[in-house]
Amino acid sequence: MCGIVGYVGKKQAAPILLDGLSRLEYRGYDSAGMAVYDGEKIVINKTTGRLKVLSELTHDGATMSGHIGIGHTRWATHGEPSDVNAHPHFNKDQSIAVVQNGIIENYLKLRNLLQDRGYQFLSETDTEVVVHLLDYYYNRYDKNPLTAVTKVIHRVEGSYALGILFADHPDVMYAVRKDAPLIVGIGEEGNLIASDVPAVLKYTRDVFFIENEEIAVLTEKSIEFFNMDADPIRKESKHIDWDINAAEKGGYEHFMLKEIYEQPKAVRDTISPRIRDHSIVIEELGMTDEEIRAVKKIHIAACGSAYHTGVTSKYVFEGLARIPVEVDLASEFRYRDPILEEGALVIVISQSGETADSLAALRLAKDRGITTLGIVNVVGSSIAREADKVMYTWAGPEIAVATTKAYSCQLVAQYLLALKFAQVRGQITDEQLGEYLHEMEILPNQIESLIDNKHKIQKFANRYVAAKDVFFIGRGIDYAISLEGSLKLKEISYIHSEAYAAGELKHGTISLIEDGTLVAAVVTQEELYKKTISNIVEVRSRGAYVLAVTNEDNIEIEKTADCVIYIPKTSSYFTNSLAIIPLQIFGYYVSVGKGLDVDKPRNLAKSVTVE
Ligand code: G6P
């Protein structure tokens with residue numbers, strides 16, 4: 001994963017690099033470093049720890065003078081987090097510096113070859129082979145940096161985004177990528193490279209998206225692009241209209257809380273432009289009614305929380321549109337040789353649009369000639385670009401590692417899609433569609449009321465900061481909600497939690513229930529109330545303390561559960577959008593109560609661009 005940034009221009013580079021890296025810390029934060037050309041030589045400072053350690057080390061960049069530089073924030077893959085493994089990496093005479101995001105898959109072979117030629121390695125990283133390989137080709141081919149870069153990309157396998165400085169060419173920065181994100185920012189007082197748009201927004205809104213195996217060559221005043229054979233290519237820039245404040249904390253203690261509060265707006269932004277004159281119009285999708293009618297089966301592939309929205313979607317699509325749906329974790333889908341027959345539609349859901357397994361699932365489906373549809377938040381991301389069809393979630397940039405608003409937008413995007421399919425395929429009447437759309441339109445206000453009434457669940461969370469195990473149970477869509485509720489808790493509070501289909505309790509989990517164990521029961525599917533309530537009775541009689549999340553009309557549950565959180569009335573297909581809110585808030589406040597780093601939980605990263 002990792003984040004890279006680079007600047008060449010009139011200003012001092014180091015403070016700009018630090019600022020850019022601070023907006024990329026969500027990509028990794030176990031070590032950080034910068035390389036700046038100081039007028040005579042390239043100087044590197046790098047260190048284990050968060051970015052603030054690097055800021056302190058360099059006095060906010062003041063100790064590194066120079067107008068060109070590259071920076072890196074790391075999420076370790078090859079080699080533990082350490083000063084020596086931190087990027088940038090140097091060649092032997094310190095005339096070439098490299099930062100990398102990705103994985104060089106054939107690095108061992110290349111390392112052996114380079115060692116045979118006398119190169120000495122200081123770190124355990126795969127990146128170091130890149131810098132030595134650059135050195136090798138640079139010296140072999142008339143010290144031509146562009147030739148050296150093209151030779152390297154012909155030799156390395158895997159996914160990578162690289163920022164490169166050559167001390168012999170101190171006004172020029174080189175960048176290249178394959179299957180890892182990289183953009184070029186067109187600044188007024190210099191040009192930039194970065195792994196993601198927020199890193200450059202302070203300086204420019206005009207960017208180029210670098211495609212696979214394209215090379216960018218930047219100076220203060222020029223940006224040129226070349227293909228891997230060093231032929232010049234022309235590219236169109238894109239204008240970004242996000243607000244920079246959207247990528248900042250805006251007064252909230254944590255990004256996660258800010259993003260929880262942003263959910264009503266994000267969900268509204270995802271729904272309302274698509275509802276016109278009582279029908280659904282998804283402009284960018286470009287799927288004709290004929291194409292929608294021709295779909296025989298849907299396969300959903302995604303990771304993490306995006307996968308959980310897919311689990312919900314199975315119930316929604318099958319229930320509303322009567323199309324069979326298979327849901328897979330993308331990491332399983334890509335290796336299980338799935339049976340994809342004519343008429344299949346593969347939907348890949350991803351906030352970042354860069355998750356390695358999700359991208360691989362998409363490519364597998366495309367290779368088999370199956371139509372692919374990406375439900376993506378980041379415009380211009382790999383999945384958005386490569387999918388045959390795309391539907392955007394308009395959540396805006398999401399920074400906290402634990403997703404909230406992007407998850408909520410993925411859910412409603414899929415409700416819209418399922419309703420569209422149901423209508424086109426004649427499975428629901430216009431009148432039913434009108435009712436569903438009305439319920440969707442009031443979801444943002446209902447979400448808002450749940451957030452405004454967070455105090456009960458906040459207090460409840462404070463009592464559970466010392467919990468050891470928590471179980472989440474539910475049936476049908478309530479099971480899908482439980483999966484996400486459990487993940488939200490465990491990923492940021494480090495409390496062991498598990499989600500179980502309530503009917504499975506008796507096949508194992510119930511033996512783990514002890515006096516005082518917290519069981520969160522999700523009970524929003526009316527036809528399944530009685531079944532889940534008997535499971536609540538079973539766990540309570542074994543000592544469990546039960547928190548129930550249920551519909552506002554299910555007051556009967558107070559006789560069985562110890563604490564009840566009610567959600568407003570909505571269609572049974574849409575309850576996930578409401579029931580998840582108190583569970584997100586629960587996870588958030590348990591983490592806050594434990595004094596943990598809510599936005600950057602240990603060992604996790606926002607965007608998992610490696611396998
Ligand atoms: C990471 C994030 C999750 C996210 C998952 C999939 O694990 O922490 O919040 O659900 O990746 O990411 P994607 O960008 O593909 O939705």
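This is a predicted model: local features need pLDDT of at least 70, side-chain atom pairs count only at pLDDT 80 or more; totals for chains, interfaces and linings use all residues.
1. In the side chain of T355, an N or O atom is 2.5 Å from an oxygen atom of the ligand. Each of these pairs counts as a polar contact because the cut-off for two N or O atoms is 3.5 Å.

2. How much of the ligand does the protein bury? Taken alone, the ligand exposes 390 Å², and the protein buries 89% of that. The ligand sits in the second largest pocket.

3. The shell around the ligand may be described next. The ligand is surrounded by 14 residues, and the closest are S350, Q351, S352, T355 and V401. Sorted by class, the shell has 8 polar, 5 nonpolar and 1 charged residues. Helix α9, which spans residues 304-321, gives the most to this shell, with 3 residues.

4. A separate point concerns L162, which is placed in strand β7 (residues 158-166). Is L162 buried or exposed? The relative accessible area of L162 is 2%; since buried means under 20%, L162 is classed as buried.

5. Finally, L162 may be set against K569. The two residues are 407 residues apart in sequence, and their C-alpha atoms are 51 Å apart in space.

Definitions and conventions. Residues are numbered from 1 along each chain as its sequence is written. Side-chain values use heavy atoms; hydrogens and water are left out. A residue is near a molecule or strand if one of its heavy atoms lies within 4 Å of it. A polar contact is a pair of N or O atoms within 3.5 Å; within protein, one must be able to donate a hydrogen and the other to accept it, and residues adjacent in sequence count only if both atoms are side-chain atoms. Accessible areas come from the Shrake-Rupley method with a 1.4 Å probe; for residues, only the protein chains shown count as cover. On a 1 Å grid over the protein atoms alone, a cavity is a set of points where a 1.4 Å probe fits but cannot get out, and a pocket is an open set with protein on both sides within 12 Å along at least five of seven lines; lining residues have an atom within 4 Å of a point. A molecule sits in a cavity or pocket if more than half of its atoms lie within 2 Å of its grid points. Helices (H or I, at least four residues) and strands (E, at least two) are DSSP runs, numbered from the N terminus. Ala, Val, Leu, Ile, Met, Phe, Trp, Tyr, Cys and Pro count as nonpolar, Asp, Glu, Lys and Arg as charged, and the others, Gly among them, as polar. Buried means under 20% relative accessible area, exposed over 50%, partly exposed in between (1.4 Å probe, protein chains only).
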